[in-house]
Amino acid sequence: MASLSNLYLFVYNSVQALGWAIALFRIVIDFVSTKSINGAYASAGDLICLLQTLGFIEVLHGALGIVPSGFLFPLMQWGGRTHFVIAIVHRLLEVQESPAVFITFVAWCCMEIIRYPFYALSCLGKCPSFITYLRYTAFIVIYPIGVLGEMWIMYQSLPVIMEKNLYANYFSALPFTYYTFVKVVLISYPFLWLQLYLYLFKQRRSKLRTRNEKQKKRK
């Protein structure tokens with residue numbers, strides 16, 4: 001069973017790594033060919049929406065105990081990203097050409113083409129130490145950039161959401177509108193993000209300490 005689980009996780013993470021690499025390649029090709037950062041969503045948006053939706057599987061992995069990460073923090077990250085890319089960017093043409101979409105997508109892609117290969121190779125027990133180091137170090141810079149891009153887009157989208165009364169049917173039975181919901185999310189974002197950020201630092205200390213101890217034993 002352990003072998004089947006590792007094989008499944010290897011395949012899943014390899015597919016995600018390939019998908020995010022293709023998304024980054026499309027964004028870069030569009031930027032090089034057009035000399036503009038406005039086409040990030042047009043070039044890779046649908047693929048990123050698909051990959052991000054499939055990422056819910058990782059929440060299930062944690063909930064079912066297939067991986068030791070638990071489900072709360074993966075759920076928070078998945079929920080925030082999915083709401084951003086599907087409920088806002090995918091839905092509103094007015095923000096799809098914003099520079100913030102380019103910034104956010106590039107940050108996500110860079111993070112994921114490190115994270116997923118790390119997970120895939122770890123399933124084989126053959127993850128190079130430099131990939132482990134990148135996995136638990138690159139987020140220090142990349143993660144805040146991505147979050148700032150997400151917040152920028154949410155802020156830009158507020159007037160459009162209000163004008164269109166977006167998702168009015170879904171919120172008709174609630175005492176608040178989607179516009180109010182997004183404002184609350186935007187205000188809460190830094191505090192929720194900080195919890196995830198500190199959690200990643202905790203992981204970094206643990207994983208890199210273990211890595212260093214293994215290297216010392218080999219010497």
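Predicted model: local features only at pLDDT ≥ 70, side-chain atom pairs only at ≥ 80, totals over all residues.
Reader: How many salt bridges does a search of the whole structure find?

Author: The search finds four salt bridges. One of them pairs Arg115 with Glu58, with the closest N and O atoms 3.2 Å apart. That pair links distant parts of the chain, since Arg115 lies in helix α5 (residues 99-124) and Glu58 in helix α3, 57 residues apart.

Reader: Is Arg115 buried or exposed? And Glu58, buried or exposed?

Author: Arg115 counts as buried because its relative accessibility is 13%. Glu58 is also placed in the buried class, because its relative accessibility is 16%. The cut-off for buried is under 20% relative accessible area.

Reader: Which residue forms a salt bridge with Glu112?

Author: Glu112 forms a salt bridge with Arg81, and the closest N and O atoms are 2.7 Å apart. Glu112 is in helix α5 and Arg81 in helix α4, so this pair ties together parts that are 31 residues apart in sequence. Glu112 has 3% relative accessibility and therefore counts as buried. Arg81, at 8% relative accessibility, counts as buried.

Reader: Where do Lys164 and Glu94 lie?

Author: The side chains of Lys164 and Glu94 meet in a salt bridge, at 3.0 Å from N to O. Lys164 lies in helix α7 and Glu94 in the loop between α4 and α5, so the pair ties together parts that are 70 residues apart in sequence. Lys164 is partly exposed, with a relative accessible area of 40%. Glu94 counts as partly exposed at 47% relative accessibility.

Reader: What about Asp30: which side chain of opposite charge is nearest?

Author: The nearest one is Arg26, 10 Å away. Asp30 is buried yet has no salt bridge. In general, side chains of opposite charge can pair when their charged atoms come close. Asp30 lies in helix α1, which covers residues 2-34.

Reader: Which residues does Asp30 touch, leaving out those up to four places away in sequence?

Author: Asp30 touches Lys35, Ser36, Gly39, Ala40 and Ser43. Lys35 lies in the loop between α1 and α2 (40-54), and Lys35 has a positive phi of about 55 degrees although it is not a glycine. Lys35 counts as exposed because its relative accessibility is 67%.

Reader: Where is Tyr167 found, and what is its phi?

Author: Tyr167 is found in the loop between α7 (139-164) and α8 (168-171). Its phi is positive, about 60 degrees, although Tyr167 is not a glycine.

Reader: Changing topic to the surface: which residues form the nonpolar patch?

Author: The patch consists of Tyr8, Phe56, Leu60, Leu64, Ile66, Phe71, Leu72 and Leu75, with about 720 Å² of accessible area together. Helices α3 (56-64) and α4 (72-89) each supply at least two of its residues. The largest share, three residues, comes from α3.

Reader: How exposed is Leu72, and where does it lie?

Author: Leu72 lies in helix α4. Leu72 counts as partly exposed, because its relative accessibility is 49%.

Reader: And His61, buried or exposed?

Author: His61 counts as buried because its relative accessibility is 5%. His61 lies in helix α3. Leaving out residues up to four places away in sequence, His61 touches Tyr8, Leu9, Tyr12, Ile66 and Val67. Tyr8 and Ile66 are also members of the nonpolar patch.

Reader: How far is the C-alpha atom of His61 from that of Leu75?

Author: The two C-alpha atoms are separated by 11 Å, with the residues 14 apart along the chain.

Reader: Finally, which residues does UniProt list under "transmembrane region"?

Author: The unreviewed UniProt entry lists residues 6-29, 100-121, 133-156 and 176-201 under that name.

Reader: How much of residues 6-29 is helix, and how much of residues 176-201?

Author: In the model, residues 6-29 are 100% helix and 0% strand, with the end C-alpha atoms 34 Å apart. Residues 176-201 are 92% helix and 0% strand, and the end C-alpha atoms of that span lie 36 Å apart.

Technical notes. Residues numbered from 1 in each chain as written. Heavy atoms only, no water. Patch = residues over 30% accessible without salt bridge, like charges linked within 9 Å, V, L, I, M, F, W, Y side chains within 5 Å. Areas by Shrake-Rupley, 256 points an atom, 1.4 Å probe, with all protein chains shown as cover. Helix = DSSP H or I, 4+ residues; strand = E, 2+ residues; numbered from the N terminus. Buried < 20%, exposed > 50% of the residue type's maximum accessible area, 1.4 Å probe, protein only. UniProt positions renumbered as here; feature names shortened; annotations may be inferred. Lys, Arg positive; Asp, Glu negative; His and termini not counted. Contact = heavy atoms within 4.5 Å.
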